[in-house]
Amino acid sequence: MPVPFIMPKFDMDQEKATIISWSKKEGDFVKFDESVLTVETEKVAIDVPAPASGTLAGIRFKDGDVVPVTKVIAYILKEGETFADLPKADLLPAPSKPEITPVSQPVPVPQTASVNATPIAIRMAKEEGVNLSKVPASGDRVTREDVERFIANQKTIGRVTVPATPSARRVARESGIALEMVAGSGPRGRVQSADVLATVKSVPSPAVTNEREAEVIPLTSIRRTIAERMQQSFQESPHIALTVDVDMTEAENARKRFNLQAEKMGQPRITITALIIKVVAWALVRNPYINASFHGDSILLWKDVNIGVATAVPQGLVVPILKCVDHLGIGEINLHLIELADKARDNKLRLEDVQGGTFTISNLGMFGIRQFRAVINPPESAILAVGSVVRRPIVVDDQDRVEVRPMLSLTLSADHRVIDGIVAARFLADLVAGLESPAMLLY
Amino acid sequence: MPEISYLEAIRQALWQEMKRDERVFLLGEDIGRYGGAFGLTHGMLDEFGPERVRETPISEATIVATAIGASLLGMRPVAEIMFMDFILLSLDQLANQAAKMHFMFGGRTTVPMVVRMPGGSGSGAASQHSQSLESVLMHFPGLKVVNPSTPYDAKGLMLASLRDPNPVCFVEHKILYKTKGEVPEGDYTIPIGVAEIKRPGRDITVVANNIMVMKTLNVAQKLSKEGIEVEIIDPRTLLPLDTKTIIDSVKRTGRLLVVHEACQTGGWAGEVIASVVGSPAFDYVDAPVRRLGGKDIPIPYNRGLEIFAIPQETDIEQEIRALVGGTV
Amino acid sequence: MSKDNGKGIEKDIGSREQFESHVKQLGLSDDHLISLYRTMCTVRHFEYMADRLYAAGKVHGTMHLSAGQEAVAAGISLAVCRDDYLINHHRGHGHFIAKGADINLMMAEFLGKDTGYNHGRGGSMHIADFQSNNLGANGIVGGGIPQAVGVGLALQMQKRKEICICIFGDGAANEGVFHEAMNMVALWNLPVLYICENNKYGMSMDVARATAKLPIAQRAEAYGIPWACVDGNDVVEVYDAMKIAAEHVRSGRGPYFVEAITYRYFGHSKSDRNLYRPKEEIEDWKQNRDPIMRFTKHLLQSEILDESQAQEIDAQAEQVIVTAVEFAEASPEPDISTLMEYVYA
């Protein structure tokens with residue numbers, strides 16, 4: 001058999017060599033170890049010796065060719081062999097690479113070929129290990145922005161917002177407690193497992209309630225927010241509640257006169273709520289500590305009077321805000337109220353409509369509630385609960401004369417950290433004065 | 001039970017084993033008439049003769065290489081490197097040769113030798129005679145690195161090292177030489193690769209080696225009066241490291257502090273912490289996982305500076321209080 | 001008692017009479033001489049086969065070939081006992097083969113197979129055979145020199161008749177441990193035969209540029225160790241010097257140092273382009289000073305072998321290597337599940 005003459009490997013990481021020149025040609029006799037051609041690797045030029053003695057034949061590559069190492073470049077014919085003995089295909093099998101399975105398998109990237117996406121989106125998804133079929137497309141193809149948005153969302157979902165030790169997280173997980181509900185006692189508010197355990201003790205374990213059947217309603221984000229904020233408010237602000245009864249005769253009269261005006265101007269009828277809001281705004285300006293917020297080591301007396309009106313919507317409770325009410329006339333207040341109510345009903349309230357309140361009014365009068373106590377809406381310091389107007393007999397003068405008057409019960413819940421009883425009382429006195437004699441607002 | 005010093009405990013182990021096994025012999029500088037730089041081999045020349053208590057010229061590399069060569073032929077040599085700092089002169093023989101021979105030769109030979117070396121600061125010996133280099137030695141698979149903190153551990157671990165078929169670095173601490181403790185007179189071994197809970201506790205796990213064990217014990221006693229219970233783990237062997245004991249402990253206490261005299265950067269505390277934080281114990285960690293190492297400076301000569309170069313009891317106490325108190 | 005023939009490497013092989021009388025004086029029979037020849041052929045074929053395997057991309061890593069230095073290996077092996085301990089260096093295939101290694105297992109180790117001497121963990125640079133007291137090749141230049149002190153010490157303490165042969169190159173003689181070890185073997189009168197295989201080059205550095213005073217063997221004088229310097233390409237000369245040295249050492253008179261001057265044909269390792277020595281020099285050694293060629297001339301001249309017999313032995317030696325390659329290629333790789341084995345005993 002002719003001896004295969006392979007392009008030898010000289011360097012550990014060498015993959016190919018360039019033939020510079022053959023010093024022997026087809027048919028020449030060559031001796032074992034004699035230099036037959038010169039090749040060039042990345043490093044330097046080298047002479048290649050013949051692997052055996054015999055006739056050089058079947059040269060496959062010429063000067064200037066780049067040849068992979070271990071490829072057959074020619075054959076050496078032994079004595080008695082001729083060109084006819086040259087094999088058609090390479091005699092030498094390719095060098096066997098050992099099958100070494102890597103210790104750790106690379107994470108397989110999901111197939112993205114079937115998704116309609118821009119090339120850059122495909123590449124990005126592959127690099128980030130994202131399954132393209134899960135990325136929503138903003139247009140007819142998945143774009144890079146879509147992938148970026150998807151990745152950002154993924155990060156938010158898993159993001160740690162509460163600093164807590166691993167142990168605290170485990171205990172919270174095991175007890176079914178939301179870390180957000182736990183006050184952290186560690187540095188920088190860090191929740192430690194003792195904190196979670198303390199919360200566990202104060203919360204009845206779910207096992208108790210599971211003994212009876214119940215329909216499970218998962219919390220919507222609105223409900224969750226309400227739950228959290230109400231709890232926060234009750235835990236943080238020491239609530240005091242003061243109630244006054246207001247004779248709404250004069251207020252009603254005023255409203256009737258306003259409505260004549262409104263009708264003339266082609267505007268909607270003024271509601272009693274709008275009127276109450278106007279008087280409340282006037283009273284808040286005169287009693288700034290009611291329009292304030294507790295701020296750790298200070299109290300912030302807000303310059304603007306932004307009154308939120310608690311509104312029931314199918315999803316729960318929302319509090320759209322009327323801004324700078326002290327600068328608005330009743331007509332304007334009324335219009336804004338209607339506008340906000342519509343938006344609330346149609347679920348079109350924007351963030352700016354529900355942020356920035358300094359005082360809240362809650363009215364359950366339409367349900368026939370005579371008097372109730374509301375929970376302060378943090379970070380506000382007070383909330384006014386308005387009941388229904390009820391016609392009942394009251395003593396109207398110091399002669400003990402009794403008449404039937406439209407009476408309205410107002411209850412102020414106030415944060416005692418900011419508002420003492422007397423401060424609350426003064427505010428309510430002003431409210432009463434304003435509602436029982438609306439002309440006072442002109443003073 | 002008799003109370004003897006750490007130094008005497010090691011000598012006792014060597015003595016007893018040399019009587020029991022004639023393959024064991026000592027080699028090192030000045031270990032004969034002089035009795036060794038720290039007096040550890042005192043009296044052994046007279047008992048065993050110059051062949052088996054063999055004094056060498058100052059040739060650390062060849063001292064270790066001689067131990068290798070002899071162990072290949074079935075002897076059980078114990079080489080003394082006078083100060084741990086000098087092991088750096090023998091690092092080729094220790095790390096490139098002894099550590100790797102069993103592996104490179106496909107398991108067909110063993111290198112059953114022990115290299116003894118005292119390290120540690122506190123004697124005013126300055127930068128080149130005071131290092132704690134066990135973190136460096138841990139990095140060579142094939143070596144075992146043993147580090148006793150008490151006389152009891154020293155004798156038991158030495159007897160175990162002498163019977164181990166692998167090359168063992170027996171790391172001593174020169175300040176511990178004089179410390180005393182109860183040591184059984186007879187034969188006993190302590191398994192290599194097993195840590196010991198020197199003091200159980202509920203509030204924090206402190207892993208410490210050689211001299212730091214004693215310091216931490218003192219701190220623990222003090223804190224116990226305030227209701228803070230410190231669990232102290234002495235690894236006893238650094239390579240292979242008994243991570244299981246440490247991980248189980250952290251699962252119970254939720255807090256980990258590692259204390260060593262060796263320089264903080266690149267110190268073996270990082271190894272312990274990485275093992276714990278990457279393990280299921282992570283979910284039980286209730287405070288930052290911290291370490292206290294020697295300052296990243298060569299050991300200074302001045303006595304005051306020398307003391308502050310390594311963790312002191314006040315440092316350890318401060319760390320434990322902060323971690324247990326949740327203020328860091 | 002030192003012997004330096006001062007003649008360097010001869011081109012002229014000398015007369016038949018000289019050869020025969022020398023051989024007779026040394027007590028070497030025809031069989032001895034033929035076995036020397038066979039050993040040298042086997043080594044030569046192993047080294048060239050190794051080179052071919054590498055060129056064919058079948059060998060991982062690198063190798064350090066000793067083609068051209070066969071006489072040193074063969075001469076030593078005949079002069080010492082089978083059970084003597086050998087500490088070798090990275091250019092040690094020849095010494096292994098001469099000591100009687102199983103070529104199949106050598107070749108398998110060479111190819112990194114599990115059936116190799118070291119279960120594929122060592123490769124060319126770390127082949128060892130503890131059954132035949134072959135303590136392994138060292139990849140650190142000079143790494144084995146001080147270990148010989150320990151081996152010699154153990155032999156002395158165990159009162160055994162074997163000696164330790166420690167072979168190293170000209171480059172290693174400049175390592176610090178060389179001097180530490182010389183001092184200690186002399187101090188303790190240990191049974192160590194140090195052999196410096198001076199093939200003129202460290203990696204690329206000519207020995208004359210690296211070594212302050214030649215011959216290297218003369219350094220032994222400073223430690224009170226007897227030394228000799230010999231033509232490493234004359235296998236009978238090598239045998240002669242080694243025999244004297246080994247007897248001295250075995251008799252308990254202490255260490256001995258022999259320097260053998262020789263030459264390697266291949267580069268230091270596989271990445272060596274031979275840029276540091278002229279082609280003519282390599283050719284000169286190959287054509288005029290080749291140890292096998294010179295010895296063959298003697299054997300033919302003295303009619304110990306004829307042409308066809310010599311070729312036959314050569315072909316048999318080649319066949320041994322070919323068989324070894326077949327064995328090695330058919331052998332399995334170590335299984336990945338055994339990755340963590342052999343770290344600790």
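This is a predicted model: local features need pLDDT of at least 70, side-chain atom pairs count only at pLDDT 80 or more; totals for chains, interfaces and linings use all residues.
Strand 16 of chain A spans residues 359–363 and is mostly covered, with five of its five residues buried. In a regular strand the side chains alternate between the two faces of the sheet. In strand 16 of chain A, Phe359(A), Ile361(A) and Asn363(A) point one way, whereas Thr360(A) and Ser362(A) point the other way. The residues of both groups are buried.

Strand 16 of chain A pairs with strand 12 of chain A, which comprises residues 307–309. The pairing is in the parallel sense and extends over three bridges. Within strand 16 of chain A, Phe359(A) is the residue that stands opposite Ile307(A). Strand 16 of chain A is also joined to strand 17 of chain A, which covers residues 382–395. These two strands run parallel and are connected by four bridges. Here Asn363(A) has Val386(A) of strand 17 of chain A as its bridge partner.

The contact between chain B and chain C was examined next. Chain B contributes 40 residues to this contact and chain C contributes 41 residues. About 3300 Å² of area is buried between chain B and chain C, and carbon and sulfur atoms give 64% of this area. On the side of chain B, the residues that lose the most area to chain C are Leu73(B), Phe103(B) and Phe105(B), which together account for 20% of what that side buries.

The count of salt bridges between chain B and chain C is zero, whereas 14 residue pairs, both members at pLDDT 80 or more, are in polar contact. Several elements of chain B each supply at least two residues to the side that touches chain C, namely helix 2 (44–52), strand 3 (53–55), helix 3 (60–72) and helix 4 (91–104). Helix 3 of chain B gives the most to this side, with nine residues. By residue class, the side of chain B that touches chain C divides into 17 nonpolar, 15 polar and eight charged residues.

Side chains of opposite charge can pair when their charged atoms come close. Over all chains, a search of the whole structure finds 54 salt bridges. One of these is formed by Glu174(A) and Arg170(A), whose closest N and O atoms are 3.5 Å apart. Both residues lie in helix 3 of chain A (residues 166–175), and their separation of four residues is about one turn of the helix. Glu174(A) is exposed, with a relative accessible area of 57%, whereas Arg170(A) counts as buried because its relative accessibility is 12%, under the cut-off of 20%.

A salt bridge also links Arg417(A) to Asp415(A), with the closest N and O atoms 2.9 Å apart. Arg417(A) is partly exposed at a relative accessible area of 32%, while Asp415(A), at 1% relative accessibility, counts as buried.

In chain B, Arg321(B) forms a salt bridge with Glu226(B), and their closest N and O atoms are 2.7 Å apart. Arg321(B) lies in helix 11 of chain B (residues 313–325), and Glu226(B) lies in the loop between helix 7 (211–224) and strand 11 (230–234) of chain B, so the pair ties together parts that are 95 residues apart in sequence. Arg321(B) is partly exposed, with a relative accessible area of 29%, and Glu226(B) likewise counts as partly exposed, at 47% relative accessibility. In chain A, salt bridges that share partners join Asp247(A), Asp397(A), Arg401(A), Glu403(A) and Arg405(A) into one network.

Lys25(A) provides an example of a loop residue. This residue is found in the loop between strand 2 (16–22) and strand 3 (29–30) of chain A. Lys25(A) is exposed, with a relative accessible area of 55%. Leaving aside residues up to four places away in sequence, Lys25(A) touches Leu56(A) and Ile59(A). Lys25(A) and Leu37(A) are twelve residues apart in sequence, and the distance between them in space is 9.4 Å, C-alpha to C-alpha.

Finally, chain C was considered as a whole. Chain C contains 13 helices and seven strands. Of its 345 residues, 61% are buried. Among the contacts in chain C with a separation of 6 or more, residues 24 or more positions apart account for 75%.

Notes:
Residues are numbered from 1 along each chain as its sequence is written. Chains are lettered from A and ligands numbered from 1 in the order in which they are written. Side-chain values use heavy atoms; hydrogens and water are left out. Buried means under 20% relative accessible area, exposed over 50%, partly exposed in between (1.4 Å probe, protein chains only). Two strands pair if DSSP finds at least two bridges between them. Contact means heavy atoms within 4.5 Å. Buried area is the accessible area (1.4 Å probe) that two parts lose on being put together, summed over both. A salt bridge is a side-chain nitrogen of Lys or Arg within 4 Å of a carboxyl oxygen of Asp or Glu. A polar contact is a pair of N or O atoms within 3.5 Å; within protein, one must be able to donate a hydrogen and the other to accept it, and residues adjacent in sequence count only if both atoms are side-chain atoms. Ala, Val, Leu, Ile, Met, Phe, Trp, Tyr, Cys and Pro count as nonpolar, Asp, Glu, Lys and Arg as charged, and the others, Gly among them, as polar.
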